[in-house]
Amino acid sequence: MPHSQTSASRDSLAGVRLARGASPWLLPTVATAAVSLVRARRSGAAKAVAVPVTALAAGMLWFFRDPEREITRGRVISPADGVVQSIMPWKDGRTRVAIFMSPLNVHVNRAPLAGTVTSVEHISGGFVPAFNKESENNERVVWHFDTELGDIEMIQIAGAVARRIVPYLPEGTKVEQGERIGLIRFGSRVDLYLPEGVEIDVEVGQKTVAGVTRIDRD
């Protein structure tokens, strides 16, 4: 079983599969909601608190969901759920595919190809909205994978709310295509850089599903 799938299964609540790294945010919220619901039976003031806290807990359960996926066959698959924000030729001949992830998307990212993690680098930065051009200087984690297509770079970018990126795998780990590799907490962006000669098969505005949507064409 892939490393990240084993780890992700440790975080669950009431039978709902949760993303690894969700517990520090989710458990205090759910505990507060549970206490407020108990107190709401005896107090009108507690009842007023219980409603928004319970709604927040339910929303966070939805946000941190981590559903199983039937991985698509293909050379390059989407690393993120979201919408293709831009497809841009890069100076070195590569093509950058940027995928914007809203707070409604699943925020667990997956390996776009099988290979070996050659580096995982955290870079400090700002927290402007992930759909802005300036977000390229945001807090981010830069991944490099040694794959059949050569070196593949993928960048997880924090947004205005997403202030914590949780990598699941260390340098040197062999990954399967579609394997879970990390989590970005709350709205964000993932950039994927593909080598020269790879023909892109998605378009701007298209919705993507991590592990399911194919990015390139034969």
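Strands are DSSP runs of E with at least two residues, and helices are runs of H or I with at least four residues, both numbered from the N terminus. Two strands pair if DSSP finds at least two bridges between them.

## Model and confidence

This is a predicted model, in which local features need pLDDT of at least 70 and side-chain atom pairs count only at pLDDT 80 or more, while totals for chains, interfaces and linings use all residues. Residues are numbered from 1 along each chain as its sequence is written, and side-chain values use heavy atoms, with hydrogens and water left out.

The predictor's confidence in each residue, pLDDT, runs from 0 to 100. Its average over the protein chain is 80, and 65% of the residues score at least 70. Over residues 1-10 pLDDT stays under 50, and the model has 20 contacts for this stretch beyond four places in sequence. A contact here means heavy atoms within 4.5 Å.

## The open sheet

An open sheet is formed by eight strands in the order β10-β6-β7-β8-β12-β4-β3-β13, with antiparallel pairing. Its edge strands, each pairing on one side only, are β10 (174-175) and β13 (207-208). Strands of a sheet pair through backbone hydrogen bonds, either parallel or antiparallel.

Strand β3 covers residues 82-89 and strand β4 covers residues 95-101; the two pair in the antiparallel sense over six bridges. P89 stands opposite T95 in β4. The two strands form a hairpin with five residues between them, and G93 in the turn has a positive phi of about 95 degrees. β3 also pairs with β13, in the antiparallel sense over two bridges, and here V83 stands opposite K207 in β13.

## Nonpolar core

A nonpolar core is a set of buried Ala, Val, Leu, Ile, Met, Phe, Trp, Tyr and Cys residues joined through side-chain atoms within 4.5 Å. Buried means under 20% relative accessible area, exposed means over 50%, and partly exposed lies in between, with a 1.4 Å probe and protein chains only. The largest such core has 33 residues, and those with the most contacts inside it are V97, W143, F145, M154, I181 and L194. At least two residues of this core come from each of β4, β7 (140-147), β8 (150-158), β9, β11 (180-184) and β12 (188-194). In soluble globular proteins, nonpolar side chains tend to be buried together.

Beyond its neighbours within four places in sequence, V97 is in contact with V84, S86, V190, D191, L192, I200, V202 and I215. I165 lies in strand β9, which spans residues 165-167, and counts as buried because its relative accessibility is 5%. Not counting residues up to four places away in sequence, I165 touches E139, R140, V141, Q156, I157, A158, L183 and I184. The C-alpha atoms of I165 and I184 are separated by 4.5 Å, although the two residues are 19 residues apart along the chain.

## Aromatic pairs

Rings of Phe, Tyr and Trp (its six-membered ring) pair if their centres lie within 6.5 Å; planes under 30 degrees apart count as stacked, over 60 as edge-to-face and the rest as tilted. The structure holds two aromatic pairs. W90 counts as partly exposed at 28% relative accessibility, whereas Y193 counts as buried at 6%.

W143 and F145 have ring centres 5.8 Å apart and planes at 0 degrees, so the pair is stacked. W143 is buried with a relative accessible area of 0%, and F145 is buried with 1%.

## Two buried threonines

A polar contact is a pair of N or O atoms within 3.5 Å; within protein, one must be able to donate a hydrogen and the other to accept it, and residues adjacent in sequence count only if both atoms are side-chain atoms. T147, in strand β7, counts as buried at 11% relative accessibility. A polar atom of the T147 side chain lies 3.0 Å from the backbone nitrogen of L149. Leaving aside neighbours within four places in sequence, T147 is in contact with L113, A114 and I152.

T173 is placed in the loop between β9 and β10 and counts as buried at 9% relative accessibility. Its side chain reaches the backbone oxygen of P170 at 2.8 Å. T173 and F145 are 28 residues apart in sequence and 9.6 Å apart in space, C-alpha to C-alpha.
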